Amino acid sequence: MAAARVRLPRPLILGGAILGVSMILAIFPSAFAPYDPIAFDYGALSQAPSLAHPFGTDNFGRDVLSRIIHAYRIDMQIAIFATVFAFVFGTIVGAVVGYVGGRTEALFGRLVDAIITFPFLVLVIAIVSVLGPGLINMYIAVSVVGWVFYARIIAAEIKVQKRLDYADAGRAMGYTHLRIIFRHLLPNAITPAVVYWMTDMALAILLGSSLGYLGLGAQPPAAEWGVQIADGKNFMTTAWWISVFPGIFIILTGLGFSLLGDGLAEVMRARK
Amino acid sequence: MKDAVLSVQKLTTRFQTPRGLLTAVDEVSFDVRPGEIFGLVGESGSGKSVTLRSLTRLLPTGASVDGVVLWQGRDLVGMPDAALRGVRGGQISMIFQEPMTALNPVLPIRVQITENLRAHTDLNAAARAARARELLDMVGIPDAARRLDEYPHQFSGGMRQRAMIAIALASNPRLLLADEPTTALDVTIQDQILNLLLDLRDELGMSVVFVTHDLGVVAATCDRMAVMYAGRIVETGTVAEVFRGPMHAYTRGLLGSIPRAGTERTPLLSIEGTPPGLAAIPDGCAFHPRCSFASDLCRASRPVLAAIGPDRAVACNHADAVRAAGSPAA
Amino acid sequence: MPLSEFIARRLLQLIPTLIFILIVVFVLVRLLPGDPTSAILGDRGTDADIDRINRQLGIDRSIPVQFWLFVKSVFTADLGNSIVLKRPVTELIVQRLPVTVALTALAALIALCLAVPLAFVAALRRDQLADNAIRGGFQIGLSMPVFYLGLILLTVFGAKLHWFPVGGYGETFLDRLYHLILPATTLALSLSAVLMRNLRAAIIGVVDAEYVSFARAKGLAPRLILIRHVLRNALISTVTLFGLSIGTLLGGAVITETVFAIPGAGRLMIDSIYGRDYPVVQGLTLALAVLVSITFLLTDLLQAWLDPRVAR
């Protein structure tokens, strides 16, 4: 086994590094942010980037850099909480449906197709509008719609695994279906879902910041990148730094997740 | 050779790989006469397919070709791309092993034939359509007019191979390069296709270079043959002579490993070991680690392909000893 | 089966889908908190109004009857009136939906013009500088939120350079096209990234295929091979992907319309959801669902035309 000397693919390392830093900033923002993110400073309104304020201040005098750092906490939370429930629930449902097959699967396929085709964002906004704006409602809304993507992936994989010999062996030994599904088939089927989860986290940040921009996600005065961009949208010509810098971090973090996902996919491919 | 229609001289093909420069075809030389079927034999990895593709420079990027390939007096190796495209398909055509992947799945057969005709002939649309029908008839596909508008997936395996032959012969090439055309087919279909190729050769007077690993096929169709090992030619001659009296240990080994029905049961001769990977070709004679006739001379210096008679050459230091040992196929 | 039969069959298949959509919309509205009548009337409604709506909806009748009344209202294009804007929903949809369609169509066109040539360059120069630069650029584009890109493009090309208008929609056809260019480009970026990635992989797969070798062996000109053999086969999977991306495209349209202040159906949807204008939400959902289904049909047909194996 050449496992010991496997060279990790570069995307994996790069993505891992970006995310590592992101997690640290998300967990310990105060250690790195020079200012209080919600403290107004009327003496320093809309100041251009300077040594004192590397990313400038916004129209309330808040330090943009500190808000960006504190936003890590919310946006990383979004990445995780908007996806993990969908991942777990979708995996379970997908595994069962894929195993059972037949009419159930056909029906499920139709349901999935119907949901997938509809604009995701519109669905989420609709649900959020019914529940009311806010982070937790956003998690609910995204999870309620997002689980089908995982279910579809897992169902397809389970369908393939189900036909392999070791599944027959399990049946021959009289294992219960549940045991076969979850202890035998699923560990082999779960990899594509994990890779998708990485991409999904990147998408979740995009979605979360979009909702934040529209006022339906994180609520001001909370520091969240989408909210920050919305804060600065009317000042683009006079104080561009308010909106431009937070956006860069959305891109950066999204890239981190994508790279991690690509790297994982490469590692899995090499293992085959 | 004087009347050769194709003369390959010291053809060498190298590939640039992450592991360095690999030589897939090493100073290969042979001639093909008009109207003859020339067999190029060897196991997988012997370089026979690459040799075939090197003749018309049909290689992926990163490959370099040296040597001389004389076709009707012109050297194909140095020919500019535009001129080479004129030769390909028009004068020298190629057919492949797996017709399902060699035919474009989204184009009807008619289009795949007529684009060959458009590229190499001056026929107008009506003449092209007529020729396409004629070709399908020629290769034995019934109901040609209807089948012209069908797609590859609507043909059975043998029919697909016939269609590919029809496409390749559209512009009346003088030379057909066949890369294991029957390997992927059932034995009965295989026979049909081989007979078709023989008939076409007789009708059209074209030459064929037939690449295969199957000596039975060689015995049934080829006039002359060359045996390849590790990218090099180790023996050439007429099929009858090589089968009767092989002069290279590898050829002998190959002949011995064909099961023959109807005779007394003797154990199959198998050659110990496996062919070397391109990155690990031994010094001296490439075959010496597996050769029972090998000596120190074989380990030290690489034998040259030497002519030992008209139409007969071998690259072995102990050719006489091998010949004396007799042929398992006699 | 001939293409005409295939088309007819797919059109027929559209009917159950449309019925399904009608059912879903019907159910969704009734799932909302509160009763449908106050949902439709809002807080302001005289008793007479309430009675009228109740009768119209058939509140006191059984569910199947209600559903039938609903379907009837859809086919007579009477989707009720907007609570907020006080105009017939149908009128609003007819006014705003074409705008979104124009925006989305233009974005799709731009995305294709970007994705196809760049995918070819990236595929044919695989792993070289051009390929890595193209892929890297698109990767960044994929990670960029639509509203952010829109804001930046609007500021740079609209407010600062004055090359394009700063949002809005314009009057004449050409003027509107002009107004749509910037938002369409914004919308096109992430779509073109997805398309390019898929097309590049497809081209790489095709270029290595045997039938391309065979085509080269026939001595065909490289350009002919590229277009007739490589592109046609590579597009097959990309067309499917394109169809699947419609949902994302429409979602992006919503945001783009907000950033660029374009009076399209997307913005109407958001405003209506905010303002609890349920008749509009219901009507728009219906219209969007139908639009998406038709797009699916079109991409299916396109795929069948490209790939004869599908229709069999």
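How many residue pairs are in polar contact between chain A and chain C? The count is two residue pairs, both at pLDDT 80 or more. That is a handy way into this predicted model, in which chain C meets both chain A and chain B.

Some confidence figures first. The model scores ipTM 0.85 and pTM 0.75. Chain C averages a pLDDT of 82, and 90% of the residues score at least 70.

**Chain A against chain C**

On this interface, 33 residues of chain A are in contact with 33 residues of chain C. About 2,800 Å² is buried between chain A and chain C, and carbon and sulfur atoms give 79% of that area. Salt bridges between chain A and chain C number zero. Several helices of chain A give two or more residues each to the side that touches chain C: H4 (102-117), H5 (120-131), H9 (191-214), H10 (225-232) and H11 (241-271). The largest share comes from H11(A), with 10 residues. Sorted by class, the side of chain A that touches chain C has 20 nonpolar, 11 polar and two charged residues.

**Chain B against chain C**

Now for the other partner. Here 28 residues of chain B are in contact with 22 residues of chain C. Chain B and chain C bury about 2,200 Å² between them, with 58% of it on carbon and sulfur atoms. Of the area that chain B buries against chain C, 26% is supplied by Arg85(B), Val106(B) and Glu115(B), more than by any other three residues.

The polar side of this interface comprises three salt bridges and 10 residue pairs in polar contact, both residues at pLDDT 80 or more. In chain B, strand S6 (92-95) and the helices H3 (99-102), H4 (109-120) and H7 (157-169) each supply at least two residues of the side that touches chain C. H4(B) gives the most, with six residues. By class, the side of chain B that touches chain C divides into 15 nonpolar, eight polar and five charged residues.

**Two salt bridges by name**

A search of the whole structure finds 31 salt bridges over all chains. In general, side chains of opposite charge can pair when their charged atoms come close. Here are two of the pairs:

| Glu210(C) | Arg53(B) | 3.4 Å |

**The fold of chain B**

What does the secondary structure of chain B come to? It comes to 13 helices and 12 strands. Taken along the principal axes, the C-alpha atoms of chain B fill a box of roughly 65 × 50 × 40 Å.

Conventions
Residues numbered from 1 in each chain as written. Chains lettered and ligands numbered in written order. Heavy atoms only, no water. Contact = heavy atoms within 4.5 Å. Buried area = accessible area lost by both parts, 1.4 Å probe. Salt bridge = Lys/Arg side-chain N within 4 Å of Asp/Glu carboxyl O. Polar contact = N/O pair within 3.5 Å; in protein donor to acceptor, adjacent residues only side chain to side chain. Helix = DSSP H or I, 4+ residues; strand = E, 2+ residues; numbered from the N terminus. Nonpolar A, V, L, I, M, F, W, Y, C, P; charged D, E, K, R; others polar. pLDDT = per-residue confidence, 0-100.
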